[in-house]
Amino acid sequence: MKTNNSISNIFMKNRICFIISLLFSAGGPLLAQVPDTLNYKFSLKEAIDYAVKHQSAVLNATIDEEIARNDVKKTVGTGLPQVSASYNFQDYLKLPTTLLPGEFLSPPSPTPIPVKFGTKYNSTAGIELSQLIFDGTFFVGLQASKTYKELSVRASTRTKIETVVAVTKAYYSVLVNREQLKLIDANLTQLTKSFNETEAMFKNGFVEKIDADRLQVLKNNLETERENAIRSLSINTDLLKFQMGMPVGAVLVPTDQINDIRSEAVSIVPADSTAYKKRIEYALLETQRKLNLLDVKRYKSAYLPTLKGFASASKNFQSDDFSSHYDQSFPTSVIGFTLSWNLISGGQRIYDVRNAKLSVRKTENSMLDLKNGIANEISASQKLYMNSQRSVENQERNLRLAEEILRVTRIKYGQGVGSSLEVTTAETSLREAQNNYITALYNLLINKVDLDKALGNINY
């Protein structure tokens, strides 16, 4: 008996192993079908195109456009014919009793006579058609719904512009980080070479240990700075992917070059320009003013009467026997119209009109304020951009000068006519010049985006 159990256990174990091996062999092709990590190489234009199709804020704005279009159709539908059907069935468990005056009898009775009218089963089936003939608020509401759709489209445009600005700034941050890393790598290569040469000279007794130690400190600091730059590049790349609506786990490599972007022309306009007309914010306020004016018309139209036409047809079925209830019907049909006119409303409509007019004035004040604000923004953006241009040019000259000073200092030190302190000072000055250049370059690119936005040149 034990032998049989042992054989049975062995058989079960082999069977389980066989099933597991089948599962793994079947799972192999499935695992092989899992896609690799997404890899993208995007120019700024391609990054913006991707963001417009995938960024959640843009997608929601597009949905709002669709909702607005549906609202317009819904408003139109209220002015179209309305058809409704109804059916009613009643089973009188006890018929209602009516008291008739006794005088109706012959001979007359001094007491009322209870009488039951009707049948046990009653049902009515009918259909009704109604049509709005005139309603001032409806026609104004129809115009308002179309203007509301226009407002949603412009709001969607504003969302796209804001997304373009955010993606552009994030893209430029990545390019600046790459430029910074490139400068650090070049400096680190030269510094490592100088350190190795100084270390060899120290071992041969030509320089003191402090000379090598100074370069070692600079090298350690630069390596730390490089690690920080790498982390900053990773953070800014993830921010760019987030602004684009791209999965953070994807691999994104910008393909634009920072020098190509710097060479792009940026228009400088006079202070009295009408560039505010190109701004989506101003267009939104213009649309809002249209809605406010339509509100005034809507409240004024409330003084007018409302006229509706209707037509209905029905059939009534009555019987005391359910089996023959639908054998005979009594049709009814009617057509007519309804005129309603609210003559006195306690002054509510007067104040509605007044408030609507005040809303128009508020929007016009906001438009004037925005116009002045845009003019100030353009002026400030132009100044900041021109200042950042000069700053980058100055920092570039300083960077080249610092590189030349370091080159000469290294030559002098190698020939024994300079000190290691001079080399260390030149290295420190170069790093400072590089950081100043990177900061100025970043400010230039960001100010360039702000100026384009202020001028209304960013459209999508």
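A residue is called buried when its relative accessible area is under 20%, exposed when it is over 50%, and partly exposed in between (1.4 Å probe, protein chains only). Buried residues make up 33% of the 460 residues in this protein.

The model is predicted: local features need pLDDT of at least 70, side-chain atom pairs count only at pLDDT 80 or more, and totals for chains, interfaces and linings use all residues. Residues are numbered from 1 along each chain as its sequence is written, and side-chain values use heavy atoms, with hydrogens and water left out.

**The whole chain**

Begin with the entire protein in view. Its C-alpha atoms fill a box of roughly 150 × 105 × 35 Å, taken along the principal axes. The radius of gyration, taken over C-alpha atoms, is 42 Å, whereas a compact globule of 460 residues would have one near 23 Å; the globule rule is 2.2 Å times the number of residues to the power 0.38.

Next, colour by secondary structure. The protein has 9 helices and 8 strands, which are DSSP runs numbered from the N terminus (helices: H or I, at least four residues; strands: E, at least two).

**Asn-122**

Select strand S5, residues 121–134, and find Asn-122 within it. Is Asn-122 buried or exposed? Asn-122 is buried, at a relative accessible area of 13%. A polar atom of its side chain lies 2.9 Å from the backbone oxygen of Thr-119. Leaving aside residues up to four places away in sequence, Asn-122 touches Asn-88, Phe-89, Gln-90, Tyr-92, Phe-317, Gln-318 and His-325, where contact means heavy atoms within 4.5 Å.

**Aromatic rings**

Rings of Phe, Tyr and Trp (its six-membered ring) pair if their centres lie within 6.5 Å; planes under 30 degrees apart count as stacked, over 60 as edge-to-face and the rest as tilted. By this rule there are 10 aromatic pairs. Select Phe-134 and Phe-139: their ring centres are 6.4 Å apart and their planes stand at 40°, so this pair is tilted. Phe-138 is buried, at 15%, while Phe-134 is partly exposed at 32% and Phe-139 is partly exposed at 39%.

Move on to Tyr-40, Phe-42 and Tyr-50, which form one aromatic cluster.

**Arg-298 and Tyr-299**

Finally, select Arg-298, whose charged end sits over the ring of Tyr-299, 4.5 Å from its centre. A charge sits over a ring if NZ of Lys or CZ of Arg is within 6 Å of the ring centre and within 35 degrees of the ring normal.

Note on methods: Polar contact = N/O pair within 3.5 Å; in protein donor to acceptor, adjacent residues only side chain to side chain.
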